[in-house]
Amino acid sequence: MPTEDNLHRRDFLKGSLAAGGLAATAGMPFWSRLALAQDEVLVPFTDVPEGFMAPPVAPGAIHFLDTRHIETFYTPVGDFYIVHHYDQPEIPEDAYRLRITGMVERPVEMTLAELKSREKVEIDAGFECGGNNTNIFHGLIGNARWGGVRLRDLLAEAGVQDGGIEVVFYGADKGIEEVRDVQVEQNFARSMHIDDALRPEVLVAYEMNGAPLHLYHGAPVRLIVPGWYGIANVKWLEQIHVQDRRFMGRYMARDYVTLSRRDVGGVERWEERSVTKMRLKSSIIRVTRRNDEHIVTGFVLNDGTPLRSVEVKIDDGPWRPAEIDPQSTQYSWKLFRYVWSDATPGEHTLVSRVTDINGQVQATADQLPEKRTRWENYAQFPRTVRIS
Ligand SMILES: Nc1nc2c(c(=O)[nH]1)N[C@H]1C(S)=C(S)[C@@H](COP(=O)(O)O)O[C@H]1N2
Ligand SMILES: [Mo]
């Protein structure tokens, strides 16, 4: 982006938010309304290559956000990132069945209408893909209000048997997988321990931002596991299976597995760990100018542990406290902003870091354990801008 780009033209985002049926954020502090003021302009990042563009939403395509243009607390459905590993199955609503099988007293098979007749819960949850990366400026990210039924209510209805320790979630999408040299057809599947499955915030969701789930986001039903990386949120969910041992499918045991060098009880080892809870992370997404003031905006994601602070550092200066959007909830993304009133012309490096109430501090890339896989990128992310 070679020149300052007036963002005000992008009001289609606001339009689609209204279409999603969400209440306006009247009464919120002015800074939690992210749409730019008429006289506010985007300051160009010098680390974004010229011509960098987010891919459009299209059938079969991956989509990520241009994080410079995040303007709303709830990501409009039409701009929420999209990741899928097989096809995007179209399931007619009247043909849909959710099955609960395995180590349960009363196996369940229910229609969408039957699912919707259960008590409905809504929760804000933001998440990112476990493969989100700095080369796309962390664009595999979104925040939405999800509506559905608590997984634990459905499991209680089915009655989990003693010894049922693992809950497996199967999507309707499938592909050919190779295990050693054998090729078989498998559906997308993920699993979790029964204790995680019984967390009250885990939803079998059929709504996103007040509307039925869109095909690309798993229509008609998906799992939402607040606080976990996106991979946990199984789309096109058709079967929940309880079993007495760990599930070892590709996306649990072989893929979305972080290989890093860690201290394992006093011994340094290369360890493989399944991508589950989101790690504590913040990132700057845009810098704007309005009159003499510069405003640095960013996001925080984590596993839901309350935060203590978000801070911004400019060049070699001190860490300065940023404000966290009061609209944030435990599992939403947390947008933050820092008003930079003493910006001087020229190139500057900006970086953010977040600290949670347990005193865990977002580390620099150098401080993190050595990692050999592309998953879980949560280091401090320095950005560069040019102030004119
Ligand atoms: N059935 C199914 N669910 C899936 C996937 C998939 O390939 N198939 N991809 C997962 C991954 S890796 C991510 S990051 C999220 C993305 O959800 P979204 O496309 O709604 O943003 O869905 C998860 N759920
Ligand atoms: Mo992902």
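Residues are numbered from 1 along each chain as its sequence is written, and chains are lettered from A and ligands numbered from 1 in the order in which they are written. In this predicted model local features need pLDDT of at least 70, side-chain atom pairs count only at pLDDT 80 or more, and totals for chains, interfaces and linings use all residues, while side-chain values use heavy atoms, with hydrogens and water left out.

The protein chain has an average pLDDT of 92, with 91% of its residues scoring at least 70; pLDDT is the predictor's confidence in each residue, from 0 to 100. Over residues 1-27 pLDDT stays under 50. Where pLDDT is low, the predicted coordinates should not be read in detail.

Around ligand 1 there are 19 residues (a heavy atom within 4 Å), of which Tyr-81, His-85, Asp-173, His-217 and Lys-235 come nearest. Polar contacts (pairs of N or O atoms within 3.5 Å) to oxygen atoms of ligand 1 include those in the table.

| Residue | Protein atom | Distance to a ligand 1 oxygen |
|---|---|---|
| Tyr-81 | polar backbone atom | 2.6 Å |
| His-217 | side-chain N or O atom | 2.7 Å |
| Arg-222 | polar side-chain atom | 2.8 Å |

Taken alone, ligand 1 exposes 530 Å², and the protein buries 100% of that (Shrake-Rupley method, 1.4 Å probe).

Terms used:
Contact = heavy atoms within 4.5 Å. Polar contact = N/O pair within 3.5 Å; in protein donor to acceptor, adjacent residues only side chain to side chain.
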